[in-house]
Amino acid sequence: MSGTGSVTLHGRTYQLPQRPTVIICVDGFDPEYLDAGLAKGTLPNMAKLMRDGFHATAKCSMPSVTNANNVSIITGAPTATHGIATNYFLDRATGKETMIVDDSLVRGSTILAEMAARGVRVAAITAKDKLRKILRRGLDRPGTTVCYSTQLASDEVLAWLGRDARPDQYSAELSLHVLEAGVKLLREARADLLYLTLSDYVQHKYAPHEREAQQFLATIDERIGECLELGAVVAVTGDHGMSDKSDANGNPVVLYVQDELEGRFGQGCARVICPIADPFVVHHGALGGFVRVYVPESHADRIPAMAAYIASFDKVETSLLKEEAASAFEMPLDREGDFVIIAKENAVLGAKEAEHDLSGLKGHRLRSHGGLSEQNIPLLLSIPLKNKGLETREWKNYDVFDIALNSQ
């Protein structure tokens, strides 16, 4: 194994792993999925973690979207520190809408990179390739690090896994292949520290009580059990939760913010950006519980009025000026919109109705995330906390490396 010693990053110290250590990020891991599986008795290994180790309901970073929280998890820090508070943003310098698909905007190092620099054999396997390009930061050490996505797995990786083809990006298998690879690396004793991050395709499509969701979580639980049998310390958390966003008739409950702003304040008064947008938009249509509003200089004096107007809608939880939002949610002020809007639990926000394609829902209820109502996620560890005095603190998902490495 890695021996004694530690690394320090962003003011936190992490002991090198003494046993193989597996950190699993279940994308869209709302506590309701855990509760449903426990009630049905289909998650015996997660139940074992809760019984013999440690568990809590933690909170994720805001907005509750994938990029922001995966980077928070691998840095052990809020978005204000590492700089990634979105999947998609408006570049003020160029005026272009930009999707984050690599690590170029990440500030500072990652726990994975610091561990690799100390000789720890690190594996970071993702379902989505956009995350692979973010997590690869500092993992360019051939022979000692593994970093790939199941979405774009190489022929060599497929042969190693005994697979003929890559899984479809809109499938449960995209995530399950990640866990399969993690177990195989453990069996072959090729990694000391593994970060395995999944896709939320299933959770966007199926509610916790539905058979497909329960089968998916049960298979994740089986892979956790295999990791435990191989002697690994296992920690499980999520990047965000998930909520139903449809009415009693199955229709999405949406407020199209830019349409409303332009109807009140005039065409071109603002540009609304949906941070949930990423290359996997079929199952949510880029509709989520959080949007950023960018206002041109010609309308800057109307920003407070715009924020107050949108706050009056019944689908809106809160509307905050950028300074308020950055302070409240520990987000990077220099990368913030002029104001942000957060939806209520049963609603989502969009930009202009004409820009959102909901045909991919295909009869399914809209399930999405991004807001305060999707902040809660489970935090599970297979061993007890070394520091018992911490058990009652307010937990974040980005505490997962801390508890997994510092409790050994």
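Modeller: In helix H13, which spans residues 322-329, the residues Ala325, Ala326 and Phe329 are buried; buried means under 20% relative accessible area, exposed means over 50%, and partly exposed lies in between, with a 1.4 Å probe and protein chains only. Viewed down the axis of H13, these buried residues fall within an arc of 95 degrees, so they line one face of the helix; the arc is that of the directions from the helix axis to the C-beta atoms. The model is predicted, so local features need pLDDT of at least 70 and side-chain atom pairs count only at pLDDT 80 or more, while totals for chains, interfaces and linings use all residues. Residues are numbered from 1 along each chain as its sequence is written, and side-chain values use heavy atoms, with hydrogens and water left out.

The cover over the buried residues of H13 includes strand E15 (316-321) and strand E16 (339-343). Helices (H or I, at least four residues) and strands (E, at least two) are DSSP runs, numbered from the N terminus. After H13 comes Glu330, which has a positive phi near 50 degrees.

Among the buried residues of H3 are Asn67, Val71 and Ile74. Just after H3, Gly76 has a positive phi of about 65 degrees.

E5 (residues 88-91) and E6 (residues 96-99) pair in the antiparallel sense over four bridges; two strands pair if DSSP finds at least two bridges between them. One of these bridges joins Asp91 to Lys96 of E6.

Ser407, in the segment after helix H14 (400-406), is buried, with a relative accessible area of 12%. Its side chain reaches the backbone nitrogen of Lys386 at 3.3 Å, and a polar atom of the Ser407 side chain lies 2.8 Å from the backbone oxygen of Ile403. Leaving aside residues up to four places away in sequence, Ser407 touches Leu381, Ile383, Pro384, Leu385, Lys386 and Asp402, where contact means heavy atoms within 4.5 Å. Leu16, in the loop between strand E2 (12-15) and strand E3 (21-25), counts as buried at 1% relative accessibility.

Definitions and conventions. Polar contact = N/O pair within 3.5 Å; in protein donor to acceptor, adjacent residues only side chain to side chain.
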